[in-house]
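The following exercises concern a predicted model. Please work through each task with the sequence and the structure at hand before reading its solution.

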Amino acid sequence: MARGGRDPNFEPVIGIDLGTSFCCLAICQGYNDVEIIVADEGKRTTPSYVGFSDSECMVGAAARRYAGMSPSNCIFEVKRLMGRSFLEKSVQDDARMWPFQVVPGPNGEALVRVPSVPGRDFRPEDISAELLKKMKGLAESYAGRSIRKAVITVPAYFSDLQRQATKAAGSLAGLEVMRLMSEPTAAAVAYGSRRLMGTNCRGKRILVFDLGGGTFDVSIITVTCDEGLDDDANFKVNAVAGNSHLGGADFDNNVVAFFRNEYARLTRQPLPTDPKTMSKLREAAVEAKHALSFSHFTPIDIEMPGNRELCTTLSRATFEELNRPLFAQCIDVVEEALRGARISKHEISDVVLIGGSSRIPMVQEMLRTYFGKPPLQNMELDEAVAYGAAVQAGMLVSNRCVEVSEVTPLSIGVQLNLQQMGVIIPKNTPLPACGSDEFAAAIDYQTSLSFQIYEGERALCSANRFLGEFEMTGFRPAPADGRPVVKLILQVDPDGLLHARAEPTRFDFGADAVGAEIRGTLHTGDIHRVIADAQASQQTDNEIRAAFQSRLDLRVLTLHLRQNISRMSWLKRRLLGNRVKNTLAWLSEEVRVSPRAEYERRKRKLARFGRLPPTPPPPPPPQAAMIRAQPPFPSPLDDDKVRMTCSAGGFSFRW
């Protein structure tokens with residue numbers, strides 16, 4: 001693609017790769033005029049460090065140097081806290097390795113406490129906003145004019161809460177965030193715009209392998225165009241997979257653990273864990289990791305408290321052995337992405353590497369072995385994402401059309417009875433996405449319905465991530481007859497942000513719904529739902545889903561028999577009546593799903609009295625998990641309006 005000239009009437013826009021370890025900035029000042037901006041000290045990336053002294057806030061290289069003197073006042077890797085709760089296991093594990101303090105906020109969110117700024121705890125988006133302000137300032141100094149608009153990249157596997165936090169950080173930095181763009185997609189746009197995937201790219205399927213400082217994403221993207229790769233090329237994301245808590249920082253942590261064990265072995269004393277010592281170990285681990293990308297051995301010499309020092313050697317083989325489980329996870333994610341796209345590894349045209357941790361020789365060798373060909377590395381790994389984001393920003397501001405179609409990284413649904421995950425928008429649905437479902441009242445004279453919304457792939461909501469809750473109230477009291485009373489509609493916009501609205505479907509049960517957009521936060525009482533005890537196997541989830549299906553079959557059969565009992569003989573009516581009543585009572589009293597065999601056993605007993613017709617009736621609509629009802633025969637509401645209250649974890653509801 002030929003480089004175009006600068007247009008004095010073109011409003012400069014920027015693309016920002018807001019990374020865990022480093023940030024990168026690119027600017028677009030005209031059609032096809034995209035450049036990486038050199039940051040402080042002649043570097044093309046900025047360390048993602050923010051430091052606070054008594055008199056100033058430092059960002060980038062200065063903050064990283066300051067971390068050696070005052071580690072508890074310097075924040076880094078804050079991307080790992082974006083949109084997360086304090087109680088999450090990953091947050092607790094990271095907090096033990098960081099020299100700064102992580103504390104719970106009023107709503108259970110993770111906050112950062114800085115001794116040099118007493119009386120204030122910082123949200124992760126506050127720290128990220130300082131990084132973005134730095135990027136904005138660099139761009140304005142380079143362009144010589146004000147910069148307002150930006151495209152900011154996020155990991156493809158970022159949750160809704162993490163995306164909302166990133167967009168909030170952009171607003172705090174004084175930027176108009178035109179789009180949140182997935183990092184692998186931005187890299188694909190960068191490679192395409194610079195013709196680095198060759199010509200005749202029509203129908204090419206590329207796999208973008210993005211292993212950064214704290215997150216790991218794999219995206220499978222199809223490039224579509226008529227002849228070669230021209231300005232009208234489109235990028236369609238077929239599937240994404242990843243781990244928002246896997247990256248270079250985890251490799252560093254394993255090396256730090258190795259240093260601690262070596263120190264204990266050599267001195268027969270435990271290594272001190274004060275912030276300054278841990279900061280030294282971490283810096284040494286990062287330097288060793290970088291050195292081992294180019295050599296097979298690196299010497300380690302770290303000064304320790306008490307006039308001691310750690311002198312040893314770290315080999316590439318040892319580094320690879322320390323991190324072998326993490327490397328294996330990377331290939332597992334690649335295979336998950338291929339399954340999501342329903343293609344084989346032989347159908348991948350090119351493998352594109354991005355992210356600093358992709359430089360690790362073991363990573364490249366694994367990919368070469370798995371795909372049978374070397375991955376592409378003809379663009380700087382740390383710059384491709386920002387470059388592609390700037391290309392997209394330029395296209396958006398100039399109304400040119402490069403279609404970038406992304407997908408939902410996780411399934412989104414609502415909690416049903418017994419914590420069943422009722423998926424409404426499946427994983428890998430093209431954006432913008434929309435899905436809906438209808439819900440019935442669960443008990444007689446119910447006056448409200450409450451919905452809890454989750455994202456994730458597990459069969460039970462307790463193992464998925466809680467997004468938010470809202471409640472519809474003011475229904476006219478009426479007996480529950482199994483007919484739907486409300487329709488829940490979920491939508492995901494091009495930024496990957498979730499919106500929801502609810503509509504009553506029976507006006508004899510509820511009146512016209514009215515309301516305004518409401519935003520809320522994650523509630524402390526619900527945080528435990530986002531924490532899974534362990535990664536359950538696929539087989540376990542399949543067994544749970546099969547049990548739920550058998551439970552539904554049993555309920556449908558029971559309701560069918562109850563509906564047709566009047567046509568049976570007197571003896572059958574007497575025998576069946578109690579069994580139907582007892583089965584429905586047992587189903588309503590369950591607090592957790594039973595084994596599938598129990599539902600099948602009860603179905604066999606009922607099947608002796610009759611079976612479903614060849615074309616069975618549609619199953620009854622699902623019931624929302626949380627039900628609130630008034631005592632029998634409550635007085636009608638004076639205004640006969642459906643009143644709604646809402647609280648949600650970082651997304652909006654409209655009625």
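**Exercise 1.** State where Pro432 is placed and which residue a cis peptide bond joins to Pro432.

*Solution.* Begin with the location: Pro432 lies in the loop between β21 (421-425) and β22 (433-440). Next, inspect the peptide bond between Leu431 and Pro432, which is cis, with omega at about -5°. For context, most peptide bonds are trans.

**Exercise 2.** Arg342 and Asn428 have a positive phi. Locate each residue and decide whether each is buried or exposed.

*Solution.* Recall as a starting point that most residues other than glycine have a negative phi.

Step 1. Arg342, although not a glycine, has a positive phi of about 60°. Its place is the loop between α9 (324-341) and β18 (350-354). The relative accessible area of Arg342 is 76%; exposed means over 50%, so Arg342 is exposed.

Step 2. Asn428 has a phi near 65°, again a positive value in a residue other than glycine. Asn428 belongs to the loop between β21 and β22, where Pro432 is also found. The relative accessible area of Asn428 is 15%; buried means under 20%, so Asn428 is buried.

**Exercise 3.** Describe how helix α1 packs with helix α7, and classify the residues of the contact.

*Solution.* Two packed helices are described by the angle between their axes and the distance between the axes.

Step 1. Helix α1 (residues 61-69) and helix α7 (residues 275-291) pack at an angle of about 130°, and their axes are 8 Å apart. Because of this angle, α1 is oblique to α7.

Step 2. On the α1 side, the contact involves Arg64, Ala67, Gly68 and Met69; on the α7 side, Lys276, Ser279, Glu283 and Val286.

Notes
Residues are numbered from 1 along each chain as its sequence is written. This is a predicted model: local features need pLDDT of at least 70, side-chain atom pairs count only at pLDDT 80 or more; totals for chains, interfaces and linings use all residues. Side-chain values use heavy atoms; hydrogens and water are left out. Axes are lines fitted to C-alpha atoms, for helices over the stretch in contact, and angles run from 0 to 180 degrees between N-to-C directions. Helices (H or I, at least four residues) and strands (E, at least two) are DSSP runs, numbered from the N terminus. Angles under 35 degrees count as roughly parallel, over 145 as roughly antiparallel, 65 to 115 as roughly perpendicular and the rest as oblique. Contact means heavy atoms within 4.5 Å. Ala, Val, Leu, Ile, Met, Phe, Trp, Tyr, Cys and Pro count as nonpolar, Asp, Glu, Lys and Arg as charged, and the others, Gly among them, as polar. Buried means under 20% relative accessible area, exposed over 50%, partly exposed in between (1.4 Å probe, protein chains only).
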